[in-house]
Amino acid sequence: MRSANFIKPGHIEMRPDASAPAPAAGEVIVAVESCGICGSDLHLYRNNAHKDALVRATPEGYEIPGHEFSGRIYAIGDGVNNWRIGDRVVGVTGQGGGMADYVAVPDNPFQLVAMPDAVSFQEAATTEPLADGLQMVRKAGAANGENVLVFGVGIIGLGVIQAYRATGADIGKLIAVDVHEARLAKALEVGATDTVNARDGDIVEQIQAITGEEVTWRGTSANIHVVIDCAGYIKHMPGPPPLETALRLVACENGRIVCFGAYEDRMLIDMMPLINKQPVIMGSNGYAAEDLVTALELMRNGKVDRKGLISHSFALDDIAEAFSTQDTPEAIKVMIDVRKQVA
Ligand SMILES: [Zn+2]
């Protein structure tokens, strides 16, 4: 079968001769239609980061990334009774393999779900990142006009904004922070009330200009009750890490900070606002099984439009260009359309 093969940072190519997987007991084989390039795949592509969790090795030694995809059931292993050949499904694998003609997926509701007819393969391949957003919104909660801020509005941060809007949470301001204007414009399109470009000066002051400054005996804040950090820490990023800024911004009472963006390195940050303002800092990784179903239902009923977030689409043969494109500020979600023919 054809597959992507990750060779080293900055270097990935298509191979025509990988062994196709056979279904073990409890697994199905999915003939992949669309597979997204995830932010974590980009960390791998740039720095070799978290490689063991992101690629699947073939007997030939090819290392195939891709863990968020859609396709059709192609073969069924022993003990699997829920599926028929040809069923349209979303698959999520713990360890890559999706950027190929075929991939093995364990049959459980956390990794394999049915696609509604009205949802396209491309949209469906963005189910997992939207489910991540649904989990963060559920964990953070927000009500009674509380202000929410999202750091980093790539596909995950945009999904958080969509999740807040689609679930109808009663929130005040929903502010997006990024360094790329195209992404900030997209954030407004999907439901942010305000945007801040981190390059335009002190983020806290820019946000206080929107939400006002809060000063109490516990410290100062920008009246942000929930911070969702989808930026994490990127080596050599200018300015303080977003988590330090989050601690400055977060409200003096009942603040919540959700950390999702990966950390490429250790960070030096001022922790005193954590003591003084007592926000809850929580991590979030992944989703609950029902979030996958909810994400697909929100696409089916039109409450969430994921088509507008797919900025580029490439054939599997053009995998190198697909990755270098995802690594540019213009890209939001780059899709590998495995069955697309090269022009
Ligand atoms: Zn991912």
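**Figure 1. Strand β18 beside strand β19.** Strand β18 (residues 310-315) runs parallel to β19, and five bridges join the two. Strands (E, at least two residues) and helices (H or I, at least four) are DSSP runs numbered from the N terminus; two strands pair if DSSP finds at least two bridges between them. The model is predicted: local features need pLDDT of at least 70, side-chain atom pairs count only at pLDDT 80 or more, and totals for chains, interfaces and linings use all residues. Residues are numbered from 1 along each chain as its sequence is written. F314 stands opposite I336 in β19. Five of the five residues of β19 (residues 333-337) are buried, so the strand is largely enclosed by the rest of the structure. Buried means that 20 or more other C-beta atoms lie within 10 Å of the residue's own, exposed that 12 or fewer do, and partly exposed is in between, with C-beta atoms placed from the backbone. K333, M335 and D337 point one way from β19, while V334 and I336 point the other way.

**Figure 2. Antiparallel partners of strands β3 and β6.** β3 is joined to β19 by three bridges, and the two run antiparallel. In this pair S34 stands opposite D337. Seven bridges link β3 (residues 27-36) with β6 (residues 68-76), again antiparallel, and here S34 stands opposite S70. β6 also pairs with β7 (residues 88-92) in the antiparallel sense, over five bridges. S70 stands opposite V90 in β7.

**Figure 3. The open parallel sheet.** Six strands are arranged in the order β12-β11-β10-β15-β16-β17, with parallel pairing. β12 (194-197) and β17 (280-283) are the edge strands, each with a single partner, so one side of each has no neighbour in the sheet. Neighbouring strands are turned by 15° against each other on average, direction ignored. Four bridges join β11 (residues 171-178) to β12, and D178 stands opposite N197 in β12.

**Figure 4. Helices α4 and α7 on the sheet.** α4 touches β10 (146-151), β11 and β15 (226-229), and its direction makes about 170° with that of β11. Helix α7 (residues 242-249) touches β10, β15 and β16 (256-259), at about 175° to the direction of β15. Contact requires C-beta atoms, placed from the backbone, within 7 Å; axes are lines fitted to C-alpha atoms, for helices over the stretch in contact, and angles run from 0 to 180 degrees between N-to-C directions. Six of the eight residues of α7 are buried, namely P242, L243, T245, A246, L247 and L249. The elements they pack against include α6 (203-211), β14 (219-221) and α8 (272-277).

**Figure 5. The largest nonpolar core.** Such a core is a set of buried Ala, Val, Leu, Ile, Met, Phe, Trp, Tyr and Cys residues joined through C-beta atoms within 7 Å. Of its 102 residues, L149, V150, V160, I161, V227, I228 and I336 touch the most other members. Helix α4 (residues 155-166) supplies the largest share, eight residues. Leaving aside residues up to four places away in sequence, I228 touches M136, A140, V150, F151, V160, V258 and F260.

**Figure 6. Contact between the two domains.** An automatic or database domain assignment sets the bounds, giving domain 1 (3-126 + 306-337) and domain 2 (132-283). Their C-alpha centres lie 30 Å apart. Twelve residues of domain 1 and eleven residues of domain 2 take part in the contact. On the domain 1 side, helix α1 (residues 39-47) gives the most, with four residues.

How values were computed. Contact = placed C-beta atoms within 7 Å.
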